[in-house]
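Me: I have a model open and would like to learn how to read its features. Can we walk through it together?

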Amino acid sequence: ENRSMLAAKSELDSVMDVTLGAFEAMQARNENMQAWFSDLPYSWLDPCARQLSINTQAEPWDDPAMRWALNYIIDREEIVRVAYEGTTIPSMTLFVHYGGLFPYIDAVVAAGMGMRLNASPHMAQKIIESKGWEKGSDGFYQKGGKTLEFVIKTHEGFIEKRRIADVVVEQFLDAGIKAEHRPIAGATWDNDRYTGNFMGSMDWHSCGSINEPYASLNRFTAKYLKPVGTTSPGGNNYVRWDTPKSKEFTEIVDKMGAMPLNAPGMVDMVVDAYRLWYEELPFIPITQARKLIPFDTTYWTGWPTAENNYNHPATWWQSTHQIIHNLKPAK
């Protein structure tokens, strides 16, 4: 709210990611506010797709079938509509939707491993009840005197992830899982994820690949596995995916890492590795990451846009100095 008010009065040249409603409110009062696109969806596509990461060592979510139950509950189109106000698209795979990755994305989807757009709560119910859970009088699943719970931690400073988590929690609650969204301080959130002190985390940490598949897949290989309570190296495999299939996945991905970029046969290898990941879902792809980053042309011009595409509009990366060097005083 503070940023929106300042931007509306031309007191900010650059504004970090905002919601569609906030941007439209700024632009209504300040005609010099611009975004990546001049019309809907206005936003630029960040390379780090959003996901629900799951601690695969935490019961009962250490069971891949229970993680699949969560996936069946998630309605991605509702998340896009409510959390994003229609400014992004659901994730079909774990990869960012960039052109360089389309051969791999298309192959994975053609192999029947694309993410569902809408929920299938009856499938989730079938799985959960097959594991011995029964709905109690309060509407939540119970077994052995315990209630089926799922807590999602988010970084308190990231409004986008908090909005996603709010929608997902409501979907889980409606399905009979006693879910909770818990925003926490950034440093604590990082530490909790890297040491395995979480049940669920709304984040983006499968990113890395932008024109080849190895970087993202490699982040979840078994070679990075650390016990809960110790820090995962580089934040890799913080979901603690540790099964025979994860070992097989690692073998394939490590072979890919020794091959030339987009080498012949790579698409088939990705499909084989992806199937192992898909069957166990150590994290659940949710949406593509849109970034609606407003700039004010009142005092400075030359900000990056889709038409003036000399750089991406992200101001939190090391290339931000290139944007500054391209600015010129407004006349």
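This is a predicted model: local features need pLDDT of at least 70, side-chain atom pairs count only at pLDDT 80 or more; totals for chains, interfaces and linings use all residues.

Me: Let's start with helix pairs. At what angle do the axes of helix 3 and helix 6 cross?

Reply: Helices (H or I, at least four residues) and strands (E, at least two) are DSSP runs, numbered from the N terminus. Axes are lines fitted to C-alpha atoms, for helices over the stretch in contact, and angles run from 0 to 180 degrees between N-to-C directions. Here, helix 3 (residues 64–73) and helix 6 (residues 121–130) cross at roughly 160°, and their axes come within 7 Å.

Me: And how do I put that angle into words?

Reply: Under 35 degrees counts as roughly parallel, over 145 as roughly antiparallel, 65 to 115 as roughly perpendicular, and the rest as oblique. Helix 3 and helix 6 are therefore roughly antiparallel to each other. As for handedness, a crossing is left-handed if the near helix is turned anticlockwise from the far one by less than a right angle, and right-handed if clockwise. The crossing of helix 3 and helix 6 is left-handed.

Me: Which residues make the contact of helix 3 and helix 6?

Reply: Contact means heavy atoms within 4.5 Å. Helix 3 brings Ala65, Met66, Trp68, Ala69, Tyr72 and Ile73, while helix 6 brings Pro121, Met123, Ala124, Ile127 and Ile128. For classes, Ala, Val, Leu, Ile, Met, Phe, Trp, Tyr, Cys and Pro count as nonpolar, Asp, Glu, Lys and Arg as charged, and the others, Gly among them, as polar. This contact of helix 3 with helix 6 has 11 nonpolar residues, no polar and no charged.

Me: What does the pair of helix 10 and helix 11 look like by angle and axis distance?

Reply: Helix 10 (residues 244–257) packs on helix 11 at about 155°, with axes 9 Å apart. That makes helix 10 roughly antiparallel to helix 11. Their crossing is left-handed. Among the residues in contact are Phe249 and Ile252 of helix 10 and Leu276 and Trp277 of helix 11. By class, the contact of helix 10 with helix 11 has 10 nonpolar, no polar and 6 charged residues.

Me: Next, the core. Which residues touch the most other members of the largest nonpolar core?

Reply: Buried means under 20% relative accessible area, exposed over 50%, partly exposed in between (1.4 Å probe, protein chains only). A nonpolar core is a set of buried Ala, Val, Leu, Ile, Met, Phe, Trp, Tyr and Cys residues joined through side-chain atoms within 4.5 Å. In the largest one, with 65 residues, Leu52, Ile79, Phe150, Ile152, Phe172, Ile177 and Trp277 touch the most other members. Helix 11 (residues 266–280) gives the largest share of this core, 9 residues. There is also a second, separate core of 11 residues, including Val15, Ala22, Phe23 and Leu292.

Me: Is Ser4 buried or exposed?

Reply: Ser4 is buried, with a relative accessible area of 18%. It lies in helix 1 (residues 2–8). Leaving aside neighbours within four places in sequence, Ser4 is in contact with Ala22 and Met26.

Me: And Ser130, buried or exposed?

Reply: Ser130 counts as exposed, at 55% relative accessibility. Its place is in helix 6.

Me: Last topic, the backbone. Which peptide bonds are cis?

Reply: Look at omega. A cis bond joins Leu40 and Pro41, with omega about 10°, and Pro41 is found in the loop between strand 1 (33–34) and strand 2 (44–54). The bond from Glu59 to Pro60 is cis too, with omega near -5°, and Pro60 is in the loop between strand 2 and helix 3.

Conventions. Residues are numbered from 1 along each chain as its sequence is written. Side-chain values use heavy atoms; hydrogens and water are left out.
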